Amino acid sequence: MMSKNEKVAWIMALTYGVIVYYMSQRLADHTTIEDGILTTAPGLLGFAIKIILAASAAEIICELVRHPWRKDLRGEDEITEDERDRAFRHQASYYSLMVLTPLIFGVTGILLFGKIITIDAVDTSLLWIGAIYVVNIAWAVRYVTEVVLYRRRF
């Protein structure tokens, strides 16, 4: 039987997987290259708001799954998280940072050496959506790592 924290890890891994897939498919529709400048098409702000709202809604729902009525704050003796859950969350966060850091440096490197790939400038709003994309990838890695750790039963 799965614990609440494992259920949350599964829900969030699937949610962030869908978000990253959706962003990967739709991001190309919102960018154009005009005169060597990578610009954004109309609708990018709405796209970013959808992504942020979807991720926020998933986090709120999962917190309600993990702590349904917050019995732990009312003084009732219900264990919601043990040492194993904390260790899994810590290790998953570590792997997430191991993905996030190279992605940030990779994106920065691509932007610095953009003249090599015939892009002279990048629109600022595209940088923000790129940051949202990179963070969502890191969160997806975090929750997938948690699922793997729960399934391996360390």
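Biologist: Which backbone atom lies 2.7 Å from a polar atom of the side chain of T145?

Modeller: That is the backbone oxygen of V141. A polar contact is a pair of N or O atoms within 3.5 Å; within protein, one must be able to donate a hydrogen and the other to accept it, and residues adjacent in sequence count only if both atoms are side-chain atoms. This is a predicted model, in which local features need pLDDT of at least 70, side-chain atom pairs count only at pLDDT 80 or more, and totals for chains, interfaces and linings use all residues. Residues are numbered from 1 along each chain as its sequence is written, and side-chain values use heavy atoms, with hydrogens and water left out.

Biologist: Where does T145 lie, and why does T145 count as buried?

Modeller: Look in helix 4, residues 124–152 (helices are DSSP runs of H or I, at least four residues, numbered from the N terminus). T145 counts as buried because its relative accessibility is 15% (buried is under 20%, exposed over 50%, partly exposed in between, with a 1.4 Å probe and protein chains only).

Biologist: Which residues does T145 touch, beyond those up to four places away in sequence?

Modeller: T145 touches A92 and Y95 (contact means heavy atoms within 4.5 Å).

Biologist: Is R151, also on my list, buried or partly exposed?

Modeller: R151, found in helix 4 too, is partly exposed, with a relative accessible area of 45%. Leaving aside neighbours within four places in sequence, R151 is in contact with M2, E6 and W10. R151 and E6 are 145 residues apart in sequence, yet 8.8 Å apart in space, C-alpha to C-alpha.

Biologist: And where is M98?

Modeller: M98 lies in helix 3, residues 83–112, and counts as partly exposed at 44% relative accessibility.

Terms used:
Helix = DSSP H or I, 4+ residues; strand = E, 2+ residues; numbered from the N terminus.
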